[in-house]
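Me: I'm new to this one. Can you walk me through the model, piece by piece?
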Amino acid sequence: MGEGVVVYLRFLYIYSVILCQFSTFIITFVRMMEYTINVRGRLLSLREPQVMGILNVTPDSFFSGSRKQTERDIAERALQIVEEGGAMIDVGAFSTRPGAFEVSEEEERDRLKRALEIVRREVSDVPISVDTYRPLVARSCIEEWGADIINDVSEGGLTGIVNTPIHEQGSMFDEVGRLQCPYILMSVKSNLHDMLIAFADEVQQLRDRGAKDIILDPGFGFGKTLEQNYEIYQHMERLQTLELPILVGISRKSMIYKLVGGSPETALNGTAVLNTIALQKGAGILRVHDVKEAVEAIRITKLATSSE
């Protein structure tokens, strides 16, 4: 990056800090932000926050209740997400939790092809996100198997399984530019300062390639300690300075149960609390295991914080 770009990015960060001193203004500002994303020619409005339901076709995802492997289980989960109010379905075939086993590209492709075809058959008009950091797998999912959105936990190729560097063929940013599909860019940075600077640079790289529908994910649980997760949460509204939709995915994660005790199976209450806070800080998409509860959180938060 040139010196001028570095100066601009530093200014951007300082500007965001100043904004956050005026909490009332920020809350009003967050509520005023309205976004839409183009999903194969259909506009999905984020004027009201939306819920993305998780569907994992893995045997080792950290929350056992999310593992769906038979055709019947996959179909029933897809229908459940929609019936409970989910606006999007996120399909993953490779667990990226700490200590997860590596899955070959061939295995991931086989799992995703099968699952996406089942989901698309059951819910033909619901946007489907594919959770993968492999550029060539993402291409096949979008071009051949019916996915609409790429959800990339690698920040464009930095890390796949938590804290594990990756070396994949191809460039995810190049693929996103070529495919012209919505893209979720997740950060693995451990503090908001570095996250804002990296996001600004990465978003420009994506736009230089022609990408238009970019969604930012702070990446809770990825490259962050328990304390760092909550430090970022405290000031998450600063991400609004980048003027892009924010996705928050904290559903049943260890930042909840390592703080209050328990396990993923007992972390629903903590998830609801953090989702409510995320909504107040400008989240436009909640990525969750428990769709019904997230939809309720949106409805309650809207009425409880309405200025009308």
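Me: Is the crossing where helix 3 passes helix 4 left-handed or right-handed?
Reply: Right-handed, for helix 3 passing helix 4. Keep in mind that this is a predicted model.

Me: At what angle do the axes of helix 3 and helix 4 cross?
Reply: They cross at roughly 50°. The axes come within 9 Å. Helix 3 covers residues 71-83 and helix 4 covers residues 105-122.

Me: How does the contact of helix 3 with helix 4 divide by class?
Reply: It has 7 nonpolar and 4 charged residues. No polar residues take part in this contact.

Me: Where is aspartate 73?
Reply: In helix 3.

Me: Why does aspartate 73 count as partly exposed?
Reply: Its relative accessibility is 33%, so aspartate 73 gets that label. Partly exposed is the range between under 20% for buried and over 50% for exposed.

Me: What separates the C-alpha atoms of aspartate 73 and leucine 55?
Reply: A distance of 9.9 Å. Along the chain, aspartate 73 and leucine 55 are 18 residues apart.

Me: How many residues apart are proline 59 and serine 95 along the chain?
Reply: They are 36 residues apart. Their C-alpha atoms are separated by 8.6 Å.

Me: Let's switch to strands. How many bridges join strand 3 to strand 10?
Reply: There are 4 bridges, and the two strands run parallel.

Me: What about strand 9 and strand 10, parallel or antiparallel?
Reply: Parallel. Strand 9 (residues 247-248) is joined to strand 10 by 2 bridges. Leucine 247 stands opposite isoleucine 285 in strand 10.

Me: Are the faces of strand 10 covered or open?
Reply: Both faces are covered. Strand 10 spans residues 285-288. Ile285 and Arg287 are buried on one side, and Leu286 and Val288 are buried on the other.

Me: Why the two sides?
Reply: In a regular strand, side chains alternate between the two faces of the sheet.

Me: Back to helices. How far apart are the axes of helix 5 and helix 6?
Reply: They are 9 Å apart, and the helices pack at an angle of about 20°. That angle makes helix 5 roughly parallel to helix 6. Helix 5 is residues 135-143, and helix 6 is residues 172-179. Their crossing is right-handed.

Me: Which residues make that contact?
Reply: Helix 5 gives Pro135, Leu136, Ala138, Arg139, Ile142 and Glu143. Helix 6 gives Met172, Glu175, Arg178 and Leu179. By class, the contact of helix 5 with helix 6 has 6 nonpolar, no polar and 4 charged residues.

Me: Last bit, the whole protein. How many helices and strands?
Reply: There are 11 helices and 10 strands. The protein has 308 residues, and 53% of them count as buried.

Me: What share of the contacts with a separation of 6 or more comes from residues 24 or more positions apart?
Reply: They account for 71% of those contacts.

Notes:
Residues are numbered from 1 along each chain as its sequence is written. This is a predicted model: local features need pLDDT of at least 70, side-chain atom pairs count only at pLDDT 80 or more; totals for chains, interfaces and linings use all residues. Side-chain values use heavy atoms; hydrogens and water are left out. Axes are lines fitted to C-alpha atoms, for helices over the stretch in contact, and angles run from 0 to 180 degrees between N-to-C directions. A crossing is left-handed if the near helix is turned anticlockwise from the far one by less than a right angle, and right-handed if clockwise. Ala, Val, Leu, Ile, Met, Phe, Trp, Tyr, Cys and Pro count as nonpolar, Asp, Glu, Lys and Arg as charged, and the others, Gly among them, as polar. Buried means under 20% relative accessible area, exposed over 50%, partly exposed in between (1.4 Å probe, protein chains only). Two strands pair if DSSP finds at least two bridges between them. Angles under 35 degrees count as roughly parallel, over 145 as roughly antiparallel, 65 to 115 as roughly perpendicular and the rest as oblique. Contact means heavy atoms within 4.5 Å.
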